Amino acid sequence: MLHSRIAGTGHYVPDNVVTNDDLSKMMDTNDAWIQERTGIRERRWIDPKTGDSPSVMGTKAARMAIENAGITADDVDFIIFATLSPDMYFPGPGVQVQDQLGIKEIGALDVRNQCSGFLYGLSVADKFIQTGTYKNILLIGSENHSGGLDKTTRGRGVSVIFGDGAGAVILQPTEEKDKGVLTTHLHSEGKYAKELALEGPNTGHWVDKMIAEQDPEDTSYYPYMNGNFVFKHAVTRFQEVIHEALEATGHQPSDINLLIPHQANLRISQYIQAKMGLADEQVFNNIQKYGNTTAASIPIALSEAVQEGRLKNGDLLCLAAFGSGFTWGSTLIRW
Ligand code: UT7
């Protein structure tokens, strides 16, 4: 059976750096609180004048992944785009990438699984490659959080955490049996959907809420997160789903050469690292620079890890995510 391998990686983040001190001018917060609770020092927020958007940033990341894979945009035969912040309510940004890359009328699939979106997309791509359906799948995670955050003290528990950016990979088949994606694991628990959600634009009440009421007290258009509750579930589910992937392939935590956890909170990553007995060099974090970029966080981190030479031929790479839904997932990849 064919395996899928990551043949190229890319990422793009907006130039506009927003430090914790910058945030303290917008709301009642401070650098010490943010660093102590989350590890975040700064994040990138789109400058609207630049024209960046999830599809535009995704296309920029895609061009880098395509180049690094040694192919051209015309070789891409399927697009998967994971985001919770699409340019438009519909259609999703997958079709915009098809247009922006100027490629032929290939299929474009949009994935709505928030922080786990990249891993859900990877799992789908892996199955298409295994069955021989496609040979060069472009998988993108991209988010514009800054356009929709409550940047007042009322929203500080959420808005200091999230950043903008995009990451992309090209997946190709390999006949090397022990290489590439070894296993994928996906989960959901919808009873906690409202613990981390943006309820606002929904088909039940969007017209009356958005146009008729114009209520300044209405926070339903801003993301809500029950932070402590999400944190406790995250640290449990991350570990469970990483162990699930290890057990499915007969590996131990010590076999992992690099774990890239979804960059939700540095404290979550450090907690998982300690519980699993992993050394610092076995875990990659860049949330300090970018904040939590949801579906983009794993592919941005992967692209940076590749640039920094953190992955060698034959290394065992583990990717894991947890987030809104709740949804969570993992994969093990032999690099
Ligand atoms: O990516 C998807 C998954 N997401 C996650 O995994 C995130 C999980 N949750 C978290 O990372 C943490 O819960 C947060 C970083 C969001 C919050 O940290 P916390 O330690 O759970 O803080 P808290 O919400 O319990 O708030 C503690 C205090 C409160 O004040 P009082 O009630 O103790 O007086 C908050 O009002 O900190 C206050 N606070 C802030 N203070 C300064 C909340 N946000 C801020 C802020 N700056 N930005």
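**Ligand contacts**

I looked up asparagine 292 first: one of its polar side-chain atoms sits 2.6 Å from an oxygen atom of the ligand. I count a polar contact as a pair of N or O atoms within 3.5 Å; within protein, one must be able to donate a hydrogen and the other to accept it, and residues adjacent in sequence count only if both atoms are side-chain atoms. The model is predicted, so local features need pLDDT of at least 70 and side-chain atom pairs pLDDT 80 or more, while totals for chains, interfaces and linings use all residues. Numbering runs from 1 along each chain as its sequence is written, and side-chain values use heavy atoms, with hydrogens and water left out.

Next I checked threonine 29. A polar atom of its side chain is 2.6 Å from a ligand nitrogen atom. For asparagine 228, the distance from a polar side-chain atom to an oxygen atom of the ligand is 3.0 Å. The ligand taken alone exposes 960 Å², and the protein buries 72% of that. These areas are Shrake-Rupley values with a 1.4 Å probe; for residues, only the protein chains shown count as cover.

I then listed the surroundings. There are 22 residues around the ligand, and Thr29, Arg37, His262, Asn265 and Asn292 come nearest. Here, near means a heavy atom within 4 Å.

**Pockets**

I turned to the open space. My pockets come from a 1 Å grid over the protein atoms alone: a pocket is an open set of points where a 1.4 Å probe fits, with protein on both sides within 12 Å along at least five of seven lines, and lining residues have an atom within 4 Å of a point. Grid points are joined across faces, edges and corners, and a volume is the space filled by probe spheres set on the points.

The largest pocket has a volume of about 930 Å³. It has 28 lining residues, with Leu84, Ser85, Pro86, Arg112 and Leu198 closest to its centre. Why does the largest pocket lie between domain 1 (3–174) and domain 2 (180–334)? Both domains give residues to its lining, so it lies between them. The bounds come from an automatic or database domain assignment.

The second largest pocket comes to about 750 Å³. I found 34 lining residues, with Gly157, Ile161, Met225, Gly227 and Asn228 nearest its centre. Elements giving two or more residues include α2 (31–38), α8 (227–248) and β12 (316–323). The most come from α8, with six residues. Helices (H or I, at least four residues) and strands (E, at least two) are DSSP runs, numbered from the N terminus. Domain 1 and domain 2 each supply at least three residues to this lining.

**Backbone**

I checked for cis peptides. The bond from phenylalanine 90 to proline 91 is cis, with omega near -5°. Proline 91 is in the loop between β4 (78–82) and α4 (94–100). Glycine 325 to phenylalanine 326 is also a cis bond, with omega near -15°. Phenylalanine 326 falls in the loop between β12 and β13 (327–334).
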